[in-house]
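Thanks for asking me to look this one over. Here are my notes, as numbered points to read alongside the model.

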Amino acid sequence: MQMEDNQMKIFDSNRRLILKVPLSRNKTFKIGIQIAEFQCLAASISDESWMWHHRFGCLNFRSLSELKSKKMVHGLPQIEIPKQLCVECCVSKQPRNSFKKEIPIRSKRKLEVIYSDACDPFEVKSLGGNSYFVSFIDEFTRKMWVYLIKQKNEVFNIFKKFKLLSEKQSDKVIKVLRTDVGGEYNSYEFLVFCDEEGIIHEVTSPYTPQHNGVAERRNRTILNMAKNMMKGKGMPHYLWEEATSTAVYILNRCPTKRLQRYTPEEAWSEKKA
């Protein structure tokens, strides 16, 4: 660095000039600040009713008229309800249509439609070292099976195990499997297996657990019953596996809305529990 002629010169290690910085009269650095360009934005609305609609944060015109008619505010003119719709209101306030509470049963026999879902991981591992459980529900009988797993990548092998067990017990075959879009159900080997076995794999849309409501609600019921048993007896959290298995055993022997005079266990095995 070298000072001369009201300039500061900066050199590299080979004494080559790389930068010149001008100095002011009192030997301080000059700073050049580029001022941003000023812009003035203005919006104009020809219809006064629309102006007040936007001023009130897109408040509906009926409420605006009520403010005027009941003299709830000062300075508000007479509001006329327009015939056209507010585009901003349609885009930002459009709700999702409600889902049907009950869906007609598609299956007429056992194993025609199977619902499955893997629960979220538990904070505490069980005595067996498991962190998840995966459930399978038969739509026709509402019979439920639950398998405890350590990782979600075990779901594929568990499904093959469940398929063999359920088909041997019922002399029927699985025709439709309905799951969410979780990676544990949509791996390449899972899809190939379903194609080879002639199983229609129905996958729900993302972020719509309502489309797989049978499995989602059943898992919630299992968790609620397991939590009640554990809290009621003051059991430690690592016994959730035992509580979950007990809850499934009980629920298979409880009445459901879909079955009028049978429990899921009786509908499946054709024997009273």
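1. A definition to start with: helix axes are lines fitted to C-alpha atoms over the stretch in contact, and angles run from 0 to 180 degrees between N-to-C directions. Helices (H or I, at least four residues) and strands (E, at least two) are DSSP runs, numbered from the N terminus. This is a predicted model, in which local features need pLDDT of at least 70 and side-chain atom pairs count only at pLDDT 80 or more, while totals for chains, interfaces and linings use all residues. Residues are numbered from 1 along each chain as its sequence is written, and side-chain values use heavy atoms, with hydrogens and water left out.

2. Let's begin with helix H6 (residues 213–233) and helix H7 (residues 240–251), whose axes come within 8 Å and cross at roughly 120°. That makes H6 oblique to H7 (under 35 degrees is roughly parallel, over 145 roughly antiparallel, 65 to 115 roughly perpendicular, and the rest oblique). Among the residues that meet here are Ile-222 and Ala-226 in H6, and Thr-244 and Ala-247 in H7 (contact means heavy atoms within 4.5 Å).

3. Is Thr-244 buried or exposed? Thr-244 is buried, with a relative accessible area of 1% (buried means under 20%, exposed over 50%, partly exposed in between, using a 1.4 Å probe and protein chains only). A polar atom of its side chain lies 2.7 Å from the backbone oxygen of Trp-240. Leaving out residues up to four places away in sequence, Thr-244 touches Phe-133, Val-146, Ile-222 and Ala-226.

4. Now for the nonpolar cores (sets of buried Ala, Val, Leu, Ile, Met, Phe, Trp, Tyr and Cys residues joined through side-chain atoms within 4.5 Å). The largest has 22 residues, and Val-134, Phe-136, Phe-159, Phe-162 and Phe-190 have the most contacts inside it. Helix H4 gives this core its largest share, five residues.

5. Finally, Glu-266 sits in helix H8 (residues 264–269) and is buried, with a relative accessible area of 13%. Beyond its neighbours within four places in sequence, Glu-266 is in contact with Arg-261, Lys-271 and Lys-272. The side chains of Glu-266 and Lys-272 make a polar contact at 3.4 Å.

How values were computed: A polar contact is a pair of N or O atoms within 3.5 Å; within protein, one must be able to donate a hydrogen and the other to accept it, and residues adjacent in sequence count only if both atoms are side-chain atoms.
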